[in-house]
Amino acid sequence: MAGIAKTPEPPYYAVIFASERTEGEKGYGIMADKMVELASKQKGFLGMESARDQDLGITVSYWDSLESIKMWKENSAHRAAQHKGKKEWYQKFSLRVCKVERHSFFEM
């Protein structure tokens with residue numbers, strides 16, 4: 001998934017995941033691709049945007065409800081990835097859940 005996500009009219013929810021990685025790949029890229037594919041098949045998934053530089057990565061996923069977010073959090077493959085992230089891939093991370101009440105898009 002590349003570019004700006006095409007989301008429906010609000011309200012909907014955004015999960016903002018910001019992270020600082022540890023050194024080395026350690027299978028991170030393969031798992032990240034697998035999680036994007038899996039999330040995109042989850043009920044309530046609306047889209048995703050992601051960017052990373054040398055120090056900071058930010059992924060924003062969009063969902064139709066808090067229940068859909070909860071189901072994704074509890075997905076067994078996602079839980080395994082979360083565990084590995086805490087153990088091997090991240091120095092630190094934050095997770096924020098927000099309700100989107102207004103949005104606007106501009107395209108040239």
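How many residues does the hairpin use to join strand 2 to strand 3? Four residues make that link, between strands taken, like the helices, as DSSP runs numbered from the N terminus (E, at least two residues, for strands; H or I, at least four, for helices). Welcome to a predicted model, in which local features need pLDDT of at least 70, side-chain atom pairs count only at pLDDT 80 or more, and totals for chains, interfaces and linings use all residues. Residues are numbered from 1 along each chain as its sequence is written, and side-chain values use heavy atoms, with hydrogens and water left out.

**Strand pairing**
- Strand 2 and strand 3 run antiparallel and are joined by seven bridges; pairing requires at least two DSSP bridges.
- Across this pair, Met 48 stands opposite Ser 61 in strand 3.

**Pockets**
- The largest pocket holds about 850 Å³ of space. A pocket here is an open set of points on a 1 Å grid over the protein atoms alone, where a 1.4 Å probe fits, with protein on both sides within 12 Å along at least five of seven lines; lining residues have an atom within 4 Å of a point. Its volume is the space filled by probe spheres set on the points, which are joined across faces, edges and corners.
- Among the 33 lining residues of the largest pocket, Phe 17, Thr 59, Trp 72, His 78 and Tyr 90 are the closest to its centre.
- Helix 1 gives the largest share of that lining, eight residues.
- By class, the largest pocket is lined by 20 nonpolar, nine polar and four charged residues. Ala, Val, Leu, Ile, Met, Phe, Trp, Tyr, Cys and Pro count as nonpolar, Asp, Glu, Lys and Arg as charged, and the others, Gly among them, as polar.
- The second largest pocket has a volume of about 190 Å³, and its lining has no nonpolar, four polar and six charged residues. Those residues include Glu 20, Arg 21, Arg 52 and Asp 53.

**Core and buried residues**
- Tyr 13, Val 15, Met 35, Ala 39, Phe 45, Met 48, Trp 63, Ile 69, Trp 72 and Ala 81 form the largest nonpolar core, that is, a set of buried Ala, Val, Leu, Ile, Met, Phe, Trp, Tyr and Cys residues joined through side-chain atoms within 4.5 Å.
- Beyond four places in sequence, Trp 72 touches Met 35, Leu 38, Ala 39, Gln 42, Trp 63 and His 78 (contact means heavy atoms within 4.5 Å).
- Ser 68, in helix 2, counts as buried because its relative accessible area is 4%, and buried means under 20% with a 1.4 Å probe, protein chains only.
- Leaving aside neighbours within four places in sequence, Ser 68 contacts Lys 43, Gly 44 and Trp 63.

Technical notes:
Buried means under 20% relative accessible area, exposed over 50%, partly exposed in between (1.4 Å probe, protein chains only).
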